[in-house]
Amino acid sequence: MNTPPFPRGPVTDASPDPDAWSQSLMGRTEELAHLQAQTPQEAEPAESPAPQAQPRKRTFQAPPPPPPPSPLAAVLKLCGAAAGLLAASLLVLPALRHFGAPPVTPEEVAAARPETTLAPSFDPPSEVREGEVREQRAFMEGASLLMVDSAPSGATVFVNGRTEGATPLSVTLECVTDAPVTVKLTRRGFSSLEHTLPCRHDTMTQLFGRLRKGKSSAKP
């Protein structure tokens with residue numbers, strides 16, 4: 001910047017005038033302000049805004065459509081529902097049938113049971129005389145049973161010549177229908193007794209023999 005030289009003139013007084021000095025200073029100040037106004041100032045670059053982060057887009061893939069139902073699966077599902085309904089009806093219908101009915105008494109329950117003869121009643125042995133054998137029969141489903149007793153007891157029993165034991169005893173017979181079965185009772189000090197009967201299926205046969213004192217015979 002070129003500053004004009006001070007004007008040179010005759011110096012009249014060594015001590016400057018205060019007013020002149022102030023005016024000179026003000027003139028220089030105005031001159032400097034005028035020069036600064038004429039000098040172009042560099043514009044400060046404007047701060048560019050910071051780039052903003054763009055939101056990241058997320059892409060979602062739609063699930064594939066479900067496959068069409070199989071006819072076989074539909075039929076199986078229908079059959080399962082029908083079976084469940086049938087089972088429920090079987091469980092509920094008996095309860096509904098007896099709903100409101102009077103309770104069953106023990107006498108009615110006993111009367112409704114089928115009668116099964118496990119030990120049929122026979123005539124008492126007191127009516128059998130000495131040296132005789134009494135035969136009695138009763139129905140017994142599924143077996144052919146022979147029961148032998150004697151008075152006195154302890155007599156040896158032979159069935160078709162084979163020793164089966166001592167009275168009283170029970171023997172299961174395996175024979176042809178109406179085939180003869182020979183039963184013999186022996187005891188020491190008593191006479192032997194012998195009886196023949198036909199074999200019958202589904203039959204319980206009781207033999208009771210009253211031995212007579214006399215010569216014993218242990219052979220069948």
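Select Leu146 and, skipping neighbours within four places in sequence, you'll find it in contact (heavy atoms within 4.5 Å) with Val159, Leu169, Ser170, Val171, Leu173, Val183, Thr205 and Leu207. This is a predicted model, where local features need pLDDT of at least 70 and side-chain atom pairs count only at pLDDT 80 or more, while totals for chains, interfaces and linings use all residues. Numbering starts from 1 along each chain as its sequence is written, and side-chain values use heavy atoms, without hydrogens or water.

Now widen the selection: the largest nonpolar core has 17 residues, and Leu146, Val148, Val157, Val183 and Leu185 have the most contacts inside it. Such a core is a set of buried Ala, Val, Leu, Ile, Met, Phe, Trp, Tyr and Cys residues joined through side-chain atoms within 4.5 Å, buried being under 20% relative accessible area, exposed over 50% and partly exposed in between (1.4 Å probe, protein chains only).

Next, pick Arg200 and Asp178, whose side chains meet in a salt bridge at 2.9 Å, N to O. The term needs a side-chain nitrogen of Lys or Arg within 4 Å of a carboxyl oxygen of Asp or Glu. Arg200 is partly exposed at 36%, and Asp178 is partly exposed at 47%.

**Stop three: two more pairs**

Show Glu132 with Arg129: this salt bridge spans 2.7 Å, N to O. Glu132 is partly exposed at 31%, whereas Arg129 is exposed at 57%. Finish on Arg137 and Glu135, joined by a salt bridge at 2.8 Å, N to O.
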